[in-house]
Amino acid sequence: MTFLNLVIYGIANGTLYAAVALALVLIWRSTRIVNFAQGGMLMITTFIAWDLVVKHGANYWVGLVVAVLAGFVLGAVTERLLVRPVENGPPLNPVIVTLGLLLLLQAVAGMIWGNGLDSFAPQFSLHYYNVGDQVILFSPDYLFIVIAVLVVLGALYLLFQRSPLGLRMRASAFNPEVARLLGVRVGRMLTLGWGLAAMVGALAGVLIAGTQPDYMNPNAFDPLLIFGFTAAIIGGLDSPVGAVAGGVTVGVVQQLLDNYVSNDIDAFYVFMILLIVLMVRPNGLFSRTAVRRV
Amino acid sequence: MRLVDRASWQRVPMVLRHGVPAVAGLGIMLLVSQGLSEYRNTQLATIAMYVCAVAGLTILTGLSGQISLGNGAFMFVGAYTVALLLEHHVTTSNGVLALFLVVAVLVAAFAGALVGVAAARLRGPYLAGITLALAVGLPVLPKYSHLQSSLGGHAGISVNAPAPPGDMNYFRWQAWLCLIAAAITLFLLANLSSSRVGRAFRAVRDDEIAASLAGLPVARVQVLAFVVSAACAGLAGGLFGILSLTVLPDLFSLTLSLALLAAAVFGGLGTLSGAVYGSVIITLLPFWSSDLARALSLPDKVQHNLPQAVYGVGLILGMLLFPLGIHGLVRRVGQLGRNTLRTKPANN
């Protein structure tokens, strides 16, 4: 029973990593850049929601919606102002720019909200369900988290695969020059892609902040970025479904190791998982074989 | 006006060409440290300590083109190596301390080789990601319940460095130790950079396929670059431990690793003089920002986060506006100065 419970809890937690992984994958697909600032962006938007809900007594849903919209704006502005100028340079440059943004966002959050620990209570209960006299490590809050992430995944699928806008976005990512010749506003599509990705990240931020008391701290979201990145790599960085599978895998493995080995060194497990995966498949488990330019 | 023109300077044997400035620079800095207060000597020691780590990183990222967000983790390895050695072999000899620092370098180099083997297969974001996970994942090891007794857990272990030789001032001794280490590091890296190995690094950075067609073992060259940068970080870590008296996991945060990268970028990636400029900046920035905050009477939480905000803005602006960093600026200013000084011969 413990094992089953750990798997359930791992899957539930893994959906959050999946959401962050999804945000990274969306940006990777559209601009071939890993957005290391994602952890900072979702941290800032979660603090905005927390400020509204906890400090100013706004409705939880208002906070969530504002966070997601703020995420869109932040993502779009970042792409337009910071990423566009380094997009076609050496691959090192966007990495450094997004890391700089991560540091800056963390510092700004610290300046505004301080570096203490605050709680952001979720809308739904964190009390575990009982089946008979058995406790199941699953709560209404986690049910909401899983549903929310699945809805986002479904919406993204519909957007990309079934709508003309999604077709234009895919075309811009697949072949910018040809897309531009066919009249697609490629730049606008990239901005939109970053905005959408940051929205998904913002949702994940608000959701995870509710799962533990005292979560709200500018640096608390760093592990989420690392876990999400690992999930995205396992998924091959290129496939949204892979990102979700990767997120769930990371979540479950983490819970099993926490329980059967030790729960002090989560970050080390993630490093080892990433190392093993990359040693076996340098481009991730779910990716097609990459062809390098000769 | 130059004392020696560039061409004849290039003919001087490399060991002299780099050795003379290293020894002269070290001598000047040691003299300078005589005149400094204890407080300033500590700052000088910190700068020199960072120079070791940043110089290694700038060789890795600037010369061989591999990014590492994880050199803080190699500093962690070096710091804990020295701390553990000093704990188990109490010594009063500075020679033994130097030996321990060498061991720290070797252990960190070994760790670098392990990571480098994985890293050599990875490119761009994958490499950045695995080293990011390294920076976050390795320094938590002392918190592991079965290692807590030997590695000290959250509280860390104290570093029982031997006393300064003779009646030397403690803080000046720290500065000397770090300055000597930095001079040796810079000398060795300068030689490496202008040697066959350095050319191999550049060739691999510029075009892997062309490099391998020219007969370079690309993967081995990349692993070597990782080992070199990890060794430098290990030395810096050992010194960091001695300077901070206690080593604990929280000293080796992600911010430390990113600060190293920031220093390398500020100074100008791939240049050793840039590593020095960058180290000066990341060491003094917290002091400047607290002075500034006091002058403007900013609230505490703003002051605490000001240095990090500057790192962030600096990384972004550095990439967008000054890709060559301070080194590039200094060179451009120097060039302008020379051009205006030089009397232009009329049509000869």
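**One residue and its surroundings**

Mentor: In this predicted model, B:L177 sits in helix α8 of chain B, which covers residues 170-193. B:L177 has 23 C-beta neighbours inside 10 Å and therefore counts as buried, the cut-off being 20 or more. B:P164 lies 13 residues away from B:L177 along the chain, and the C-alpha atoms of the two are 9.8 Å apart.

Now the chain around this residue. Of the 348 residues in chain B, 51% count as buried. Chain B has 15 helices and two strands. Its radius of gyration is 21 Å, close to the 20 Å from the globule rule for 348 residues, so chain B is as compact as a globular protein of that length. The C-alpha trace of chain B spans about 80 × 50 × 45 Å along its principal axes. Among contacts in chain B with a separation of 6 or more, 80% come from residues 24 or more positions apart.

Last, the contact between the chains. Chain A puts 40 residues into the contact and chain B puts in 38. On the side of chain A that touches chain B, at least two residues come from each of α4 (92-113), α9 (222-234) and α11 (266-280) of chain A. The most is given by α4(A), with 15 residues. By residue class, this side of chain A has 30 nonpolar, eight polar and two charged residues.

Conventions
Residues are numbered from 1 along each chain as its sequence is written. Chains are lettered from A and ligands numbered from 1 in the order in which they are written. This is a predicted model: local features need pLDDT of at least 70, side-chain atom pairs count only at pLDDT 80 or more; totals for chains, interfaces and linings use all residues. Helices (H or I, at least four residues) and strands (E, at least two) are DSSP runs, numbered from the N terminus. The radius of gyration is taken over C-alpha atoms; the globule rule is 2.2 Å times the number of residues to the power 0.38. A residue is buried if 20 or more other C-beta atoms lie within 10 Å of its own, exposed if 12 or fewer, and partly exposed in between; C-beta atoms are placed from the backbone. Two residues are in contact if their C-beta atoms, placed from the backbone, lie within 7 Å. Ala, Val, Leu, Ile, Met, Phe, Trp, Tyr, Cys and Pro count as nonpolar, Asp, Glu, Lys and Arg as charged, and the others, Gly among them, as polar.
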